[in-house]
Amino acid sequence: MSERTQVAIVGAGPAGLVLGHLLHAHGIDAVVLETRDRDYVQKRVRAGVLEQGTVELLIDMGVGERLQREGLVHRGLELRYRREGHRIPLSDLTGGRGITIYGQQHVVHDLIEARLGFGGPLLFEVGDVSLHDFDGDRPRVRFVHDGAAHELECDFIAGCDGFHGISRESMPDGAFTTFEHVYPYAWLGILAQVSPSTEELIYCRHENGFALHSLRSPELSRLYLQCDPGEDISEWSDDRIWHELQTRFATNEGWTLDEGPVLEKLITPMRSFVVDPMQYGRLFLAGDAAHVVPATGAKGLNLAVHDVKALAAALRAHYESGSE
């Protein structure tokens, strides 16, 4: 089955969905393809810290109603060292800007609801995706959906399918240069069913290693421990994790770290990765397909949104004025 659109978007994460929404706002047709099912995409817990620019863009796009209602706005954070806390008043130092705690799964859910609401093409559970002829002016995407083979002809392809997706791998050898740095530590992260023990994020330095207290909602806490990349997660019982968190977060001020059931735990190696350029012909990369940063600064989702905001502006210029 042969079909036609202006922009084919591979990946229905934050990058792909935001791009689709921005293009729709300017009358540019796009089809979004996703290999996973809708339930998986809407429930996977990833980033949870939105920068001011990301929040403002989502509101301007008309998908910020729940974000404004449920998001937790933070105006500062705490640096903890030698059992003492030091608050950094972010908003005071940045002209009132802050960060908002709102899980990536909620952002994705809101974007999916909005896209389906205006009838934007969004296909889940597509298979055998392959990209073709993007070095010319008639790129094509082949895929299988509901048991039928499809060929989608387009003007441009946006590869928003993450680090392990097919978009970057589809570029020819020598099309880009890779820059990568692997760090000598990892993070052991947990999601716990317990109300956060802090109103603002805590970044803690301790002789045993770094620790971070974050959150995902008023009922869910996200906590991290620095560990060796070679650690085996099976050796970290819940009791051991909480004991180490209690040790690293201990203060001289009687602060208490509340504990609760651990819903998930994972050891994440730390690396920085970027390709240059993020384009080959009419194939553009965005988000984790082009760059991965350590979770230490909560930059991944926000960088992805920035990528597609720039890409959407360029595509709009192309269709309005013919600019290349």
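Reply:
**Helix and sheet**

Helix H8 (residues 238–249) lies across strand E6 (77–81), E14, strand E15 (202–205), strand E16 (211–217), strand E17 (220–227) and E18, and runs at about 80 degrees to E17. Contact means heavy atoms within 4.5 Å; axes are lines fitted to C-alpha atoms, for helices over the stretch in contact, with angles from 0 to 180 degrees between N-to-C directions. The model is predicted: local features need pLDDT of at least 70, side-chain atom pairs count only at pLDDT 80 or more, and totals for chains, interfaces and linings use all residues. Residues are numbered from 1 along each chain as its sequence is written, and side-chain values use heavy atoms, without hydrogens and water.

The sheet under discussion is open and has eight strands in the order E7-E6-E15-E16-E17-E14-E18-E21, with mixed pairing (strands pair if DSSP finds at least two bridges between them; helices, H or I of at least four residues, and strands, E of at least two, are DSSP runs numbered from the N terminus). Strand E7 (84–88) and strand E21 (291–292) are at the edges with a single partner strand each, so one side of each has no neighbour in the sheet. Within the sheet, strand E14 (residues 177–192) and strand E18 (residues 262–276) pair in the antiparallel sense over 13 bridges. Gly189 stands opposite Leu266 in E18.

A second sheet is also open, with three strands in the order E4-E8-E5 and antiparallel pairing. Its edge strands are E4 (49–51) and E5 (72–74), each pairing on one side only. E5 pairs with strand E8 (residues 99–101) in the antiparallel sense over three bridges, and the bridge partner of His74 in E8 is Ile99. Helix H3 (residues 52–60) packs on this sheet, touching E4 and E8, and its direction makes about 80 degrees with that of E4.

Among the helices, ten of the twelve residues of H1 are buried, so the rest of the structure largely encloses H1 (buried means under 20% relative accessible area, exposed over 50%, partly exposed in between, with a 1.4 Å probe and protein chains only). Gly16, Gly20 and His21 are among these buried residues. The axes of H1 and helix H9 (residues 300–321) come within 9 Å and cross at roughly 30 degrees. Just after H1, Gly27 takes a positive phi of about 75 degrees.
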